Amino acid sequence: MQPLIYLAQSDTTAGFLSKDFHRLNSIKGREISQNVLLTTASLKDLKSLTRIPNLHKNRVRRSQKTTFIYRVPNNIAVRVVASGMHHEFLSFLGALYSSSANFHKQKFNLEFALKKSDVVVLDERGIEEKEASKIFLIHNKKIKKIRG
């Protein structure tokens, strides 16, 4: 049985979430092996995935709605969701790969999102496109803004 695709309102925008990033890439029409953002509700999970350079630890811990791409040991993009309803969802299911709920390089389309998801997670926020997270690339000494 393949992992489920969840459609949920994240802390930033409407998104697909799954334990299988290959399946996310497939439904979005992207290259299957393309890297996908990993979202987690726990800094402990982040520490088990990668090493955060000492220079950037406070920034990572305090940032909200921000994704960091780590070069150590390989390119992994991780966003820690520290609070809110999306935090509760991730706390229950654990770390999940996350991507915006749209076809690759297209605008959000609710009909497409509903058709491609296995489970729809609804709360009072509804499901709508909003501003995506900021993205930074972290090196040992430097940090580079990629988006936002």
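How many of the five residues of E2 are buried? Five of the five are, so E2 is largely enclosed by the rest of the structure. Here, buried means under 20% relative accessible area, exposed means over 50%, and partly exposed is anything in between (1.4 Å probe, protein chains only). The model is predicted, so local features need pLDDT of at least 70 and side-chain atom pairs count only at pLDDT 80 or more, while totals for chains, interfaces and linings use all residues. Residues are numbered from 1 along each chain as its sequence is written, and side-chain values use heavy atoms, with hydrogens and water left out.

Back to the strand itself. In a regular strand the side chains alternate between the two faces of the sheet. Both faces of E2 are covered: Ala14, Phe16 and Ser18 sit on one side, Gly15 and Leu17 on the other, and all are buried. E2 also has partners, where two strands count as paired if DSSP finds at least two bridges between them. With E1, E2 pairs in the antiparallel sense over four bridges, and a hairpin of four residues links E1 to E2. With E6, E2 again runs antiparallel, joined by four bridges; leucine 17 has serine 98 in E6 as its bridge partner.

Glutamine 9 is worth a look of its own. This residue is found in strand E1 (residues 6-9) and stands opposite alanine 14 in E2. Its relative accessible area is 3%, so glutamine 9 counts as buried. A polar atom of the glutamine 9 side chain lies 2.8 Å from the backbone nitrogen of glutamate 128. Leaving out residues up to four places away in sequence, glutamine 9 touches Ala14, His86, Val121, Arg125, Gly126, Ile127, Glu128 and Lys130, where contact means heavy atoms within 4.5 Å.

Next comes the empty space. Rolling a probe the size of a water molecule over the atoms shows where empty space is left. On a 1 Å grid over the protein atoms alone, a cavity is a set of points where a 1.4 Å probe fits but cannot get out, and a pocket is an open set with protein on both sides within 12 Å along at least five of seven lines; lining residues have an atom within 4 Å of a point. Grid points are joined across faces, edges and corners, and a volume is the space filled by probe spheres set on the points.

The largest pocket holds about 760 Å³ of space. Its lining has 32 residues, with Arg30, Ser99, Ser100, Ile135 and Arg147 nearest the centre. Strands E2 (14-18), E4 (66-70), E5 (76-80) and E6 (96-100) are the elements that each give two or more residues to this lining. By class, the pocket lining splits into ten nonpolar, 14 polar and eight charged residues. In this scheme Ala, Val, Leu, Ile, Met, Phe, Trp, Tyr, Cys and Pro are nonpolar, Asp, Glu, Lys and Arg are charged, and the others, Gly among them, are polar.

As for cavities, the whole structure has one of 30 Å³ or more. The largest cavity contains about 40 Å³ of space and is lined by Val60, Ser63, Thr66, Phe68, Tyr70, Val78, Arg79 and Val80.

Finally, the loops. Phenylalanine 103 is in the loop between E6 and helix H5 (110-116) and, at 41% relative accessibility, counts as partly exposed. Lysine 105 is in the loop between E6 and H5, is exposed at 73%, and has a positive phi of about 60° although it is not a glycine.

How values were computed
Polar contact = N/O pair within 3.5 Å; in protein donor to acceptor, adjacent residues only side chain to side chain.
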